[in-house]
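Please keep the sequence and the model in view while reading.

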Amino acid sequence: MTQTNLLRPADVAGEIRVAANRLVRRLRSERGEADLPEHLFIVLTAIKKYGPMTPGALADLEGVRPPSMTRTVNSLTEMGFVVKTGSEEDKRQVRVQLTALGLAEIKETRRRRDAWLTKKLSKLSHEDRATLAEASEIIKSIAGQ
């Protein structure tokens, strides 16, 4: 990016989009022992964050159709990362909850992702790390978190 374009919002937006996509792609390549595809990992983390829920609620949360989520839940169940239990409120409904193995997979994947990023950040100057720390706060505010 040239100096004259440095502060144009459209140019900055493009640069951030490209950089964020590259970083996310690289981080997602760091996986736990099970080498889960990202869509399965995302469902595990949703259950960890929000607690046990029905496959329908998971589908709504992730913006997918219920049959697709049912296949995802079945895959995670077969791998031992989640279990399906009867709902306490309505015995006809199934709730999906994490197992110890599922929680361990989340922790290991996050550990590997953090380790990779920490290694990369450790090679930067103190000033560059400070700049990134400030930028991360700005990006979080833009993203509404």
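In which sense, left-handed or right-handed, does α3 cross α4? In this predicted model, α3 passes α4 in a right-handed crossing.

**The buried side of α3**

- Helix α3 spans residues 55–62, and within this stretch Pro-55, Leu-58 and Ala-59 are buried; they lie on the same side of α3, because the arc that they cover around the axis is only 100°.
- The elements against which these buried residues of α3 pack are the helices α2 (38–50) and α4 (66–79), together with the strand β2 (94–98).
- After α3 comes Gly-63, a residue with a positive phi, near 70°.

**Packing of α3 against α4**

- Two packed helices are described by the angle between their axes and by the distance between those axes.
- For α3 and α4 the packing angle is about 110°, and the axes are 9 Å apart; since angles of 65 to 115 degrees count as roughly perpendicular, α3 is roughly perpendicular to α4.
- On the α3 side the contact involves Pro-55, Leu-58, Ala-59 and Glu-62, which meet Pro-66, Met-69 and Val-73 on the α4 side.
- By residue class, this contact of α3 with α4 comprises 6 nonpolar residues, no polar ones and 1 charged residue.

**Packing of α2 against α3**

- The axes of α2 and α3 cross at roughly 110° and come within 11 Å, an angle that makes α2 roughly perpendicular to α3.
- From α2 the contact draws on Ile-42, Val-43, Ala-46, Ile-47 and Tyr-50, while α3 contributes Leu-58, Leu-61 and Glu-62.
- The residues in the contact of α2 with α3 divide into 7 nonpolar and 1 charged, with no polar residue among them.

**Thr-72 in α4**

- Thr-72 is found in helix α4 and has a relative accessible area of 8%, so that it counts as buried, the cut-off for this class being under 20%.

Notes. Residues are numbered from 1 along each chain as its sequence is written. This is a predicted model: local features need pLDDT of at least 70, side-chain atom pairs count only at pLDDT 80 or more; totals for chains, interfaces and linings use all residues. Side-chain values use heavy atoms; hydrogens and water are left out. Buried means under 20% relative accessible area, exposed over 50%, partly exposed in between (1.4 Å probe, protein chains only). Helices (H or I, at least four residues) and strands (E, at least two) are DSSP runs, numbered from the N terminus. The arc is that of the directions from the helix axis to the C-beta atoms. Contact means heavy atoms within 4.5 Å. Axes are lines fitted to C-alpha atoms, for helices over the stretch in contact, and angles run from 0 to 180 degrees between N-to-C directions. Angles under 35 degrees count as roughly parallel, over 145 as roughly antiparallel, 65 to 115 as roughly perpendicular and the rest as oblique. A crossing is left-handed if the near helix is turned anticlockwise from the far one by less than a right angle, and right-handed if clockwise. Ala, Val, Leu, Ile, Met, Phe, Trp, Tyr, Cys and Pro count as nonpolar, Asp, Glu, Lys and Arg as charged, and the others, Gly among them, as polar.
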